[in-house]
Amino acid sequence: MTAQVDYLVVVFTATSGASGELLGSDEKDLVQLVWQLVNVNTKTLGRVNEILIRPDLSDSTEEKSDEDVVVECKEEDESSSGADCMYTAASLDSGLNMFNLQLTNEVNSAGAGTSLCLCTDGQLHIRQVIHPEAASKNIPVPDCFYSFFDLRKEFKNHFATSDLKALNAHVMAESLSLPVDVSSMWDPSANQDPLSVLPAEVAVQQVRLMTSIILSLLSEPYCNSFSNPERVNERFESGTCSKMEKVCDNTVIRARGLPWQSSDQDIARFFKGLNIAKGGAALCLNAQGRRNGEALVRFVSEEHRDLALQRHKHHMGNRYIEVYKATGEDFLKIAGGTSNEVAMFLSREDQIIVRMRGLPFNATHDDVLRFFSPEDGSKETCPISGGKDGILFVRYPDGRPTGDAFVLFACEEHAQCALRKHKELLGKRYIELFKSTAAEVQQVLNRYSSAPLIPVAPAPLVSVLPAVSLLPPPGGVRDCLRLRGLPYTASIEDILSFLGEFTQDVRQHGVHMVLNQQGRPSGDCFIQMTSAERALQASQRLHKHVMSSQRGANSRYVEVFPCSTDEMGLVLMGGSLSHTHTHAHTRSRSGTGLSPPPCLSPPSYSFTPVQQILPTDAAAAAAAAAAALYPPMGQMLLAPRPLHPGHPYYPASAQLYMNYSAYYPSPPGSPTTLGFFPAHSSMSSPGGLVRMPGLPYNGSGVKELINAVQGYQGPVESVSLLNSSLMGQTGGGETPLMSLPLITKPGGHQYLDLTLL
């Protein structure tokens, strides 16, 4: 609005709670609305009107009037507050309607122009009282409440040195040398209790004082024009935000405690009366991609942000919402994006976004279109706006689908029709549907296309040794299978049944179930095959076939990949076959046939380096010794041995993070069971005997057992073996033993003499 209005409507409100600068901060209801009309052209005043809102009258007036309004036009001497005319309403809705009706009649009766605008002392009466209460009660607000003049800002145009936050009607009147009855006038700047309820006559006094200020500003020498009113956004505008955009820290808040099903429109309704920037409501997601009850909201100015902070612990439904300050960087992390595809998808205005979760990985655009608009006409149709262009699939950086998608609908009616298909089947999977936002689209895309927000890092097993890649070198024999997506109730019998004809190609004790850190099945399994050719054939024939469990009714399709023994060993020891991690051997995903689990294995890691304990020379010597002592990882895997926290290779400050647990029932190449027995009294030093039943029939004997005990602390006095002719067989009588001599080297350390084997 650039032209000066014909009428100004001076408005003052009072609630049943706090007043002054805390007006509306305690979420109390409006109880008094006072106004007076000012003719800007003739500088004349209308009568003072007062509406009292008394909900306790709703029962008594229900039988008399459907609008719950009682009109009591009294003379000034009959009104206790001093108003020329007083009305009583039983609800906010009827009170606002009465205000709009009486104001329109008074303007029409004046007959000197029709343009009008409200004028208040500050922002609180409109932004913190009228709009929030009306929004919480779903009451429509008359159009005149969406624009108003802030008398303090109009005054500051002529008195630039004034502090806007310290201004009030009393201060402005004194600056303009207007007569003020100090004995009867209420002064908001005085030391009064802001939580106390105002007397009824104070509102009328404030309106009369404000009209005097307006008449003074309209006169010489100020001649104020009243041409640029404040605006209240009627609705929230969705939009996109670039990560390169600069967001002021003083315009962002964090709202906490939101209902999980709330949308950006619900957030805008909670902050009704305050202007949120375009696309400025961003719902936060947790690590699993679900809403965590928090949102970041960006306002158009610091003034609106400060008013939003006053709504701390106001209610959204039955929940109270906490409001805190946030930064522009926080907002960009959630709502900022750089994808051109997302920008084009969100460029359409006035579109309703619905999120689909749980899609089959092979779902196409046509499948989604048929889901919402069945061709047989058996169910209600919900046409997607733009057809295939209105569908956005969420994918990993390598192109694999995540099972999420976003679709656009042209109107709220179509969106509500689509949401009624929640948990209907697409193929063999039920689909979850949620109303979404542009910021959530950006956040989901950012989450799947970048490094995780919370790093989960495996610390090196030997922290003092030089950094060496744990990934196996390329070119290994891929004679193993990795099964991913097993039913959690699946047993080894279920796996062998799933393999079918390939069961005969499984090596003895070659099925290895992977457990998580809680000791429960993780859904992964490794199988050692007799040859790489049979492993490849099995992966090609069984990939994405359905496996059923005998102990449960659930069935799932299983992914089958060929892999090498070294790759299997790496995962079983707590590593991850992540190929975006920095390592010496650069390879593509097709080089391994393996991929990390979709959510719980991040593509990259970052962790705090552990302080080196051994000197550099000692660390290099230790690395050389380790390379000579330890066989390749795929040949021998043992469960890690608990060490004392003070052990030099495992500093107390180091923390070990694993994607999988390192404790498995049958690691490759190791016995199925292990027993410990106290040392025999004939041994020269304290120690223990280890019994290892269940050795393979084709075992090579001494060398394998020596490899098995390498790396364990403490001297080995002798290694005694059963006669190899009896290994794996039943027999009786005395069993001959074979003892291996020990060699003592400088320093008092003893070693097995391997040259004697």
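Residues are numbered from 1 along each chain as its sequence is written. Local features of this predicted model need pLDDT of at least 70, side-chain atom pairs count only at pLDDT 80 or more, and totals for chains, interfaces and linings use all residues, while side-chain values use heavy atoms, with hydrogens and water left out.

**Salt bridges**

A search of the whole structure finds 29 salt bridges, each defined as a side-chain nitrogen of Lys or Arg within 4 Å of a carboxyl oxygen of Asp or Glu. The table lists three of them.

| Arginine 208 | Aspartate 84 | 4.0 Å |

The salt bridge between arginine 208 and aspartate 84 links distant parts of the chain, 124 residues apart: arginine 208 belongs to helix H6 (residues 200-218), and aspartate 84 to the loop between strand S4 (69-72) and strand S5 (85-89). Helices (H or I, at least four residues) and strands (E, at least two) are DSSP runs, numbered from the N terminus. Arginine 208 is partly exposed at 32% relative accessible area, and aspartate 84 is partly exposed at 24%. Here buried means under 20% relative accessible area, exposed over 50%, and partly exposed in between (1.4 Å probe, protein chains only).

Lysine 153 is partly exposed at 22% relative accessibility, whereas glutamate 230 is buried at 17%.

Arginine 534 lies in helix H15 (residues 532-542) and aspartate 505 in the loop between helix H14 (492-499) and strand S23 (506-515), so the pair ties together parts 29 residues apart in sequence. Arginine 534 is buried at 19% relative accessible area, and aspartate 505 is buried at 10%. Elsewhere, salt bridges that share partners join Arg127, Lys153, Glu230 and Glu303 into one network.

**Loop residue glutamine 351**

Glutamine 351 occupies the loop between helix H10 (340-345) and strand S16 (352-357). The side chain of glutamine 351 makes a polar contact of 3.1 Å with that of serine 385; such a contact is a pair of N or O atoms within 3.5 Å, and within protein one must be able to donate a hydrogen and the other to accept it, with residues adjacent in sequence counting only if both atoms are side-chain atoms.
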